[in-house]
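Me: I have a model open and want to check the words used to describe it. Take the questions one at a time, please.

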Amino acid sequence: MRSDAWQRIAHDALALLLASSCPGCDRGGTLLCDDCRMLLRSDPHDTCTPQGRAVHAALRYGGVPARAIRRLKEEGATMLSWPLGAALRPVLQAQGSEALIVPVPTSRVAFRRRGYRVPELLIRRTGLTAHRVLVPARRTQDQRELGRAARARNVAGSMRARVHGRGAVVIVDDVVTTGATLDEAARALRAAGFTPVCAVALAATPRLHDTANS
Ligand SMILES: [Zn+2]
């Protein structure tokens with residue numbers, strides 16, 4: 001077995017020990033209780049980015065889904081990629097099999113901290129293939145600290161494609177807030193010859209439609 005496979009197993013085992021309570025309701029002795037598992041079922045809905053790109057989201061970011069995603073992203077609970085990947089699966093599969101599936105790149109800092117790339121892990125859990133076409137071109141500030149206009153400035157020019165290519169691409173991210181990151185991903189893909197057709201997110205915040213700059 002390859003060492004990165006062992007590393008993944010070690011991550012999962014550690015996650016199992018750490019996440020000994022349900023991320024949704026803190027009930028002990030379970031990685032995810034049945035009630036909260038129901039709330040992670042796919043609830044497909046559409047929204048769009050600042051530049052009008054369609055975003056198909058599997059979950060509404062808030063409550064139990066938000067807590068489960070935070071535990072996956074910030075607390076190493078990679079086991080949660082299974083139910084979350086199951087929620088993502090129908091939305092990603094609905095985009096057809098022709099388009100290349102390209103995850104939003106993970107910063108080097110985030111990858112070092114977690115040891116895994118969340119969008120890629122989720123795509124893998126759907127049984128589809130992630131193509132790591134996009135890479136970070138420069139460092140960015142944590143988007144969570146920024147408002148809408150600042151987010152767009154923060155990510156502008158922050159990605160590049162490793163390869164040139166052709167054909168339709170579906171961009172995938174875990175959580176979509178303003179959609180500025182997805183617009184930047186689309187820009188970088190277009191610059192390399194690809195045709196980004198839409199984006200798919202595990203979860204979208206309900207504020208995505210707001211046009212206010214607050
Ligand atoms: Zn629960």
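Me: How many helices and strands does the protein have?

Reply: This is a predicted model. The protein has eight helices and seven strands.

Me: What makes the protein as compact as a globular protein of that length?

Reply: Its radius of gyration is 17 Å, and the globule rule gives 17 Å for 214 residues, so the protein is as compact as a globular protein of that length. Along the principal axes, the C-alpha atoms fill a box of roughly 50 × 45 × 35 Å.

Me: What share of the contacts links residues 24 or more positions apart?

Reply: Counting contacts with a separation of 6 or more, the share is 74%.

Me: Why is helix 6 called mostly covered?

Reply: A residue is buried if 20 or more other C-beta atoms lie within 10 Å of its own. Six of the eight residues of helix 6 (residues 118-125) are buried, so the helix is called mostly covered. The buried ones are V118, P119, E120, L121, L122 and I123. For the protein, 37% of the 214 residues count as buried.

Me: What covers the buried residues of helix 6?

Reply: The cover includes helices 3 (63-74) and 4 (81-93), along with strands 3 (100-103), 6 (168-176) and 7 (195-204).

Me: Which residues touch the most other members of the largest nonpolar core?

Reply: They are L84, I171, A201, L202 and A203, out of 50 residues in that core. Leaving aside neighbours within four places in sequence, L202 is in contact with residues including L84, L88 and L122. In soluble globular proteins, nonpolar side chains tend to be buried together.

Key. Residues numbered from 1 in each chain as written. Predicted model: local features only at pLDDT ≥ 70, side-chain atom pairs only at ≥ 80, totals over all residues. Buried ≥ 20, exposed ≤ 12 C-beta atoms within 10 Å, placed from the backbone. Helix = DSSP H or I, 4+ residues; strand = E, 2+ residues; numbered from the N terminus. Contact = placed C-beta atoms within 7 Å. Rg over C-alpha atoms; globule rule 2.2 N^0.38 Å. Core = buried A, V, L, I, M, F, W, Y, C linked by C-beta atoms within 7 Å.
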